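Welcome, and please load the model in your viewer.

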Amino acid sequence: MIATVFPLVGRRLLASVLILLIVSALLFFVLHVLPVDPAAMSLPPSATIAEIEAMRREMGLDLPLPRQYLIWLSQVLQGDFGSSIHFRRDVLGLVGSALPATIELALLSMIVATVLGIFGGLMLFHVRGSRMEPIVDFGSILLLSIPEFLWSLFFILIFGVALQWLPFTGRLDPDLRLPQGTGFLLVDALVAGRFDIFWSAMRHMVLPCFALGIAFSPTIMRVLRSSLLDVYQEDYIHLARLRGLSEWRILRRHALKNAILPTLSLMGVQFGFLFGGTLLVEVIFSYPGLGNLMVDAVRNADLPIIQAVGLAYCAVVLVINTVVDSLYLVLNPKLRIR
Amino acid sequence: MLIASDLAVSAALANGAVPVIQDLNFSLAPGRVLGLVGESGAGKSMIGRAVAQLLPSGFSVTRGELLFDGQDLVRMPLDKRRELLGREIAFVPQEPLSGLNPVLTVGRQIDEHLARLAVGDARTRRARALVMLDAVHLPRGAELLGKYPHQLSGGMCQRVLIAMAFASRPKLLVADEPTTALDVTIQARIVQLIAEMQRHDGTSVIFITHDLRLAAQICDDILVLYAGRPAERGPARRVFSQPAHPYTRCLQLSNPAMSGPRRGLYALPERMPGLSALKTIQGCLFAPRCPSAVGACARALPPFTEVDDGHIAACIRITATAEISVPAPAAANAPKTGTPLLAVEGLSKTFRTARGFFRHDVVAAVRGVSFTLHENEFVGIVGESGSGKSTLARMLCGLDAPSQGTIVIAGRDVSDGSSRSNAHRRAHVQMVFQDPQSALNPRRRVASIVTQALEATGKVDWEERLARAKALLSEIGMPPEAAQRFPAQLSGGQRQRVNIARALCVAPNILVADEIVSGLDVSVQAQLLDLLMWLRRARAFSMLFISHDLSVVRYLCDRVLVMYRGEVVESGPTIQVFATPRHPYTRALLAAMPPDDLSAAWPPQSLEIEAAPLAGKAVEADA
Amino acid sequence: MTRAPPAWLRSARVISGLTIVLLIVLCAALAPLIAPHDPNEQNLVATFLPPAWAKGGDPAFPFGTDSLGRDVLSRLIFGARVAMLVAVLASLGAMLIGAVLAYVAGYFGGRIDALIGRAVDVWMSFPPVILSLILMVGLGVGLRNVILAIILVDWTRFCRVLRGEVLVVARKDYVAAARLLGFSHWRAITREIVPASLPLLITLVSLEMGIDVIVEAILSFVGLSVSAETPAWGQMIADARQYIYDSPWNLIFPILAIFFAVFGFNMLGDGLRRTLDVRLTATQRV
């Protein structure tokens with residue numbers, strides 16, 4: 001199995017790298033038609049025109065765009081993403097500290113979305129043809145209409161402001177210090193044996209994770225339901241009944257294994273969107289991740305950061321897609337074995 | 001073993017319950033084979049489903065009982081019935097490829113079944129699985145257990161399913177059209193296999209089929225169904241050789257003969273009443289189409305009359321049945337000799353299928369095919385799936401570009417694919433597609449479909465098109481009102497007529513027809529074949545008739561080409577090829593067809609060639 | 001003779017969705033007539049008024065006032081203008097680009113299909129929110145640019161879904177038959193393929209409008225949509241969030257406005273999908 005999956009995954013990865021290259025070029029060109037002048041912005045307002053011109057030359061801004069891109073690319077490949085115009089810090093360090101926080105948030109949210117989606121899908125499927133169906137179906141459209149940032153605000157209003165059960169700003173209680181390590185807070189806390197930090201971090205994650213998870217679960221539910229409905233039309237399900245298998249066994253062993261395939265390929269796309277959805281959720285919960293870094297950079301027209309963060313988002317989405325595709329290959333023998 | 005007494009199944013429709021099955025009585029003794037024969041919609045599959053009580057929603061048994069070993073399957077609690085299913089009662093499905101779960105290996109599916117039958121531990125079960133695969137003549141069992149269904153052919157899947165069905169040595173087997181989806185040579189082998197297993201285990205079999213000839217060959221008894229009601233029941237040989245019910249007789253006569261002189265076909269008018277029409281018929285359900293119907297037939301349901309010992313028929317004019325006959329077919333215009341209308345020389349088509357980044361396979365679908373078609377000539381192309389006959393048709397019409405070879409139509413070589421060649425080709429050649437479901441745009445009305453050729457010019461107004469459409473419709477035997485209908489409102493036979501009419505609109509010299517009567521009921525098939533014969537006389541065109549059904553080609557065509565793995569292995573006048581086949585593949589094909597003559601042993605013990613698994617031979621090549 | 005209304009107009013989902021959407025469109029169109037106040041009129045002595053029915057509410061400000069004493073109801077009504085304008089124009093624009101590319105890709109197949117497919121892959125590797133943010137940085141704020149940014153991001157949704165459908169239809173024998181009867185490629189696409197995919201297209205546009213409302217709200221929430229003088233729902237949320245303890249009402253109303261707009265479009269889309277018998281396969285439903 002590994003021998004057959006590996007080359008296919010390898011090919012996917014190669015394609016991902018190519019896509020990332022194209023994306024980086026697109027990003028670079030979109031951001032360099034900007035009306036703002038990075039040279040002027042990186043100097044104090046008192047700088048003279050001559051000084052700005054000198055800075056432009058130093059930054060290579062007088063060169064043709066493709067040249068500029070190649071120079072930038074070669075620097076990026078050496079790990080040099082430049083330095084932030086606004087923060088005056090190394091971009092790689094800024095992105096490096098924000099990325100784990102966002103990945104942690106996104107991963108937990110995906111788990112929430114998957115669990116809710118699968119249970120919801122099974123429930124939607126279970127009530128098919130009954131009087132409950134229109135009600136449950138209506139409910140799923142209702143859920144579908146509430147995007148993650150509305151959930152975030154709802155949760156803040158209810159659990160943060162009205163009930164005051166859970167915190168809704170930042171990653172940790174203010175009196176706790178971030179432990180050193182991978183940047184993945186939950187992992188670091190466990191490694192350091194600091195259960196108080198772990199607990200506090202968990203409490204801070206509950207609202208944003210559920211906001212994201214609930215927002216992305218209804219599509220999973222609906223797809224799982226309709227894939228199950230499709231699978232139950234198939235001859236092999238009918239034949240399994242004729243062989244005397246119980247309904248539970250048919251669902252578990254025959255139907256779910258097939259219905260999960262379309263659901264999985266949808267989840268790949270959905271999780272890409274979910275990862276983008278973290279941006280707004282982070283802003284709303286003042287969560288120190290890529291999203292907040294991005295929005296700050298956008299407000300300050302901080303090009304090096306926007307570029308790096310944009311690339312980081314794409315890279316993670318491509319990783320998610322590759323993982324989901326590999327899983328799909330493992331589960332679908334038709335693609336794996338010809 | 002299985003006794004149906006007075007069984008009735010009803011469907012709940014908007015305007016009340018409609019009987020889908022009524023007055024069903026039969027008793028199946030241990031070790032016997034009962035054939036349920038009828039056209040689509042006759043309710044034969046419903047009986048199979050009633051045995052398992054897995055009826056579609058809205059359908060239910062309203063009367064009677066179905067006794068299995070003395071226990072009523074209908075009123076048995078679910079748990080108890082589930083105990084019987086897969087152990088005492090087994091099923092073989094119509095579509096073997098979709099009958100196995102695509103994400104589980106064959107081994108795991110067999111193992112699951114054996115585990116339910118409580119066959120020992122994992123190792124015992126595996127050993128048992130190997131024995132089972134061996135019993136259904138599947139070689140390399142150990143390797144097969146690790147394979148997924150999509151790696152197997154239809155025939156192999158069906159063998160696996162048969163192996164699983166017989167794993168518990170069931171008392172009853174329900175086989176629902178188990179060979180319909182398979183090629184003829186494989187069909188013969190599967191039938192042979194079921195018979196072998198059935199004899200070995202002493203299993204009773206319900207064999208559901210639309211093919212009366214096949215049923216007569218392999219069943220002990222036959223029950224012919226019409227619109228959900230038994231028309232005739234009796235010993236297979238008697239029902240086939242001396243049918244008592246006019247419907248059985250008509251069915252038999254609408255099938256082209258495989259031997260003897262070419263006889264005409266009996267084309268039953270109209271079609272079987274659908275569910276909603278059933279309620280409006282007062283008397284005998286078959287009376288509206290029956291050639292020997294009299295006034296009394298339309299007044300009351302005919303009672304079952306015993307013709308002979310164990311042979312009954314639901315007809316009040318049994319004696320008239322033997323008089324039903326068909327006239328000999330009118331002589332067709334003889335093909336012209338001289339310069340052929342179509343000349344194909346060394347035609348080949350290879351497909352490339354990607355295999356990884358830098359490698360691909362080259363598959364030859366058609367290899368060096370040469371033939372000619374004269375004016376007024378009907379040429380049949382026969383072969384099994386994957387023999388390249390459809391690819392050949394697509395190349396002739398210009399839907400696929402040939403890899404090699406020339407196509408000369410009416411004196412002009414059109415194989416260069418230039419736009420002038422294509423225009424020339426379009427004026428001479430038109431195609432009738434296999435599946436009217438896909439070939440007719442569901443959003444167009446019939447009038448718009450049949451006159452689409454006029455739309456292409458963009459200069460003809462609607463009035464003119466409508467007039468032309470009505471003329472075409474009358475030519476193909478459809479009422480002018482049909483012009484305003486959508487394809488979904490037509491029956492299968494009518495759709496295929498519209499399909500033909502569209503191609504005829506440009507008055508082509510050559511019609512390429514790809515499997516246009518397959519998948520249709522025999523009575524509808526007979527109507528269409530009649531229409532083609534009539535059009536041949538009226539219109540004087542040539543036709544390439546592609547079919548897997550040898551009997552249809554024998555009826556319709558002057559000459560025949562036999563294709564096997566992309567090559568023409570034999571060709572000649574139809575009668576001659578069928579009477580004295582020379583190539584072993586042609587012989588195998590002919591031997592696989594159930595003959596009209598019941599005295600010959602069928603299926604033959606050895607078929608010379610196993611059918612082609614793939615189009616051509618895959619050749620690995622570097623890019 | 002009265003003709004029965006078409007099936008899609010008899011579905012409860014379509015009717016309720018359409019009602020909500022039309023109501024909001026009407027609000028947007030007639031905003032100057034029905035809004036009780038100028039949406040930008042500040043009233044610094046009456047800030048953070050609760051809704052009229054709550055304690056301390058003022059009937060002159062039915063939904064209360066915000067941090068600058070502006071009337072929340074009037075701002076909601078004017079905010080509908082931006083939301084609806086973006087929803088309609090952006091979804092139609094995205095549909096146009098996406099559909100044309102999908103027809104070309106699905107019908108001709110081969111290299112052009114592969115090329116368009118790769119372009120979609122590149123686009124899909126960007127989370128839509130991130131891509132629209134970056135585009136807004138490049139384009140600068142303003143209503144026109146918001147619409148443009150959304151079109152440039154969301155054409156892929158149409159292209160991806162429609163391409164699959166076109167691929168299925170283009171393989172039907174009736175398309176081959178049309179070609180054999182002398183139809184040009186253009187005629188084959190417009191007469192045979194477009195009509196078959198129209199129900200899917202209509203459904204997708206309806207769902208896309210809901211998405212566009214959300215995207216516009218997100219962009220105006222982070223201050224990258226219309227300029228500050230134009231009231232927009234996202235902006236109202238961003239303002240209210242800073243005073244979440246002072247006046248939770250200010251947050252609730254724009255949230256509800258967005259929710260109802262999106263819900264309306266989703267109901268409409270779902271109803272159309274069912275009645276027009278669009279069979280969205282699993283992966284198309286995103």
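Begin by selecting chains A and C: their contact takes 49 residues from chain A and 38 residues from chain C, where two residues are in contact if their C-beta atoms, placed from the backbone, lie within 7 Å. On the side of chain A that touches chain C, α11 (247-284) of chain A is among the elements that give two or more residues, and α11(A) provides the largest share, 14 residues. Helices here are DSSP runs (H or I, at least four residues), numbered from the N terminus. Colour that side by class and you will find 37 nonpolar, eleven polar and one charged residues; Ala, Val, Leu, Ile, Met, Phe, Trp, Tyr, Cys and Pro count as nonpolar, Asp, Glu, Lys and Arg as charged, and the others, Gly among them, as polar.

A word on conventions: this is a predicted model, in which local features need pLDDT of at least 70 and side-chain atom pairs count only at pLDDT 80 or more, while totals for chains, interfaces and linings use all residues. Residues are numbered from 1 along each chain as its sequence is written, and chains are lettered from A and ligands numbered from 1 in the order in which they are written.

Now move to chain B and select domain 1 (2-88 + 168-323) and domain 3 (342-436 + 511-620), with bounds from an automatic or database domain assignment. Their C-alpha centres lie 34 Å apart. Between them, 32 residues of domain 1 of chain B are in contact with 28 residues of domain 3 of chain B. Finally, highlight α7(B), which brings eight residues, the largest share of the domain 1 side.
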